[in-house]
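Thanks for coming. Please have the viewer open while I talk.

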Amino acid sequence: MKIKLPAGQKRVTAALLLALSLLLTAFAVFAAVTQHTVDRLKAELAAERSRTVSVSAPMLGGSALYTLYECGGKIGIYDAKSGLLLDFVDVLVDTLPESDRLALKKGITLYSFSDLATLIEDFST
């Protein structure tokens with residue numbers, strides 16, 4: 001069964017059908033690109049999770065990393081190279097033995113992060 005439409009309506013109908021087909025094509029391309037991107041990201045994430053990373057504490061081949069001094073009644077952690085204050089240890093110096101207090105006045109030089117962690121733990125107990 002054929003429907004007879006006036007010429008103007010035929011053009012509008014053809015234009016609408018063309019626009020609809022272009023819209024559907026654009027959606028199909030978008031879906032394909034999105035799926036490809038999702039698959040690629042999943043593969044990258046899986047590769048990242050399977051990769052093992054080895055991290056070691058910083059140590060500069062024999063160079064001092066940290067120096068501890070008494071600072072305002074607490075223990076100050078200073079960068080050995082620049083002398084900048086990095087952090088405080090929440091331990092009152094007055095509660096430490098005399099030998100530790102004297103050492104902090106002179107400065108305790110540390111060559112690795114693990115040495116720093118051990119000494120902070122010792123001072124904190």
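I will go from the overall layout to the sheet, then the core, then a few single residues.

First, the ground rules. This is a predicted model, where local features need pLDDT of at least 70, side-chain atom pairs count only at pLDDT 80 or more, and totals for chains, interfaces and linings use all residues. Residues are numbered from 1 along each chain as its sequence is written, and side-chain values use heavy atoms, with hydrogens and water left out.

Now the layout. The chain has 3 helices and 4 strands. Those are DSSP runs numbered from the N terminus: helices are H or I with at least four residues, strands are E with at least two. From the N terminus on, the order reads α-β-β-β-α-β-α. Of the 125 residues, 15% count as buried. Buried means under 20% relative accessible area, exposed means over 50%, and partly exposed is in between, with a 1.4 Å probe and protein chains only. Take the contacts with a separation of 6 or more: residues 24 or more positions apart account for 43% of them. Contact here means heavy atoms within 4.5 Å.

On to the sheet. In what order do the 4 strands of the open sheet stand? The order is β3-β2-β1-β4, and the pairing is antiparallel. Two strands pair if DSSP finds at least two bridges between them. β3 and β4 stand at the edges with a single partner strand each, so one side of each is left without a neighbour in the sheet. Neighbouring strands are turned by 30° against each other on average, direction ignored. Axes are lines fitted to C-alpha atoms, for helices over the stretch in contact, and angles run from 0 to 180 degrees between N-to-C directions.

Let me walk through the pairs. Start with β1, residues 66–71: 6 bridges join this strand to β2, antiparallel. β1 and β2 form a hairpin with 2 residues between them. Gly72 sits in that turn, with a positive phi of about 65°. Next, β2, residues 74–79, pairs with β3, residues 85–89, over 4 bridges, again in the antiparallel sense. That is a hairpin too, with 5 residues between the strands. Its turn holds Gly83, with a positive phi of about 80°.

Look at Gly76 in particular. Tyr69 has Gly76 as its bridge partner in β2. Gly76 also stands opposite Phe88 in β3.

Stay on Phe88. This residue is partly exposed, with a relative accessible area of 42%. Beyond its neighbours within four places in sequence, Phe88 is in contact with Cys71, Lys74, Ile75 and Gly76. The C-alpha atoms of Phe88 and Glu70 are separated by 9.5 Å, and the two residues are 18 apart along the chain.

Back to Tyr69. The structure holds 1 aromatic pair. Tyr69 and Tyr78 form it, edge-to-face, at 5.5 Å centre to centre and 75° between the planes. For the cut-offs: rings of Phe, Tyr and Trp (its six-membered ring) pair if their centres lie within 6.5 Å; planes under 30 degrees apart count as stacked, over 60 as edge-to-face, the rest as tilted. Tyr69 is partly exposed at 33% relative accessible area, whereas Tyr78 is buried at 17%.

Now the core. Helix α2, residues 98–106, lies across β1, β2 and β4, running at about 110° to β1. The largest nonpolar core has 15 residues. Such a core is a set of buried Ala, Val, Leu, Ile, Met, Phe, Trp, Tyr and Cys residues joined through side-chain atoms within 4.5 Å. Which members touch the most other members? Leu68, Ile75, Leu104, Ile108, Leu110 and Phe123 do. β1, β2, β4 and α3 each supply at least two residues of this core. The largest share, 3 residues, comes from α3.

Take Leu110 from that list. Leu110 is the bridge partner of Tyr66, in β4. Leaving aside neighbours within four places in sequence, its contacts include Ala64, Leu65, Leu68, Leu116 and Leu119.

Last stop, Ser112. This serine lies in the loop between β4 (108–110) and α3 (113–124). Is Ser112 buried or exposed? Ser112 is buried, with a relative accessible area of 7%. A polar contact of 3.1 Å joins the side chains of Ser112 and Ser114. A polar atom of the Ser112 side chain also lies 3.1 Å from the backbone nitrogen of Asp115. A polar contact is a pair of N or O atoms within 3.5 Å; within protein, one must be able to donate a hydrogen and the other to accept it, and residues adjacent in sequence count only if both atoms are side-chain atoms.

That is the tour.
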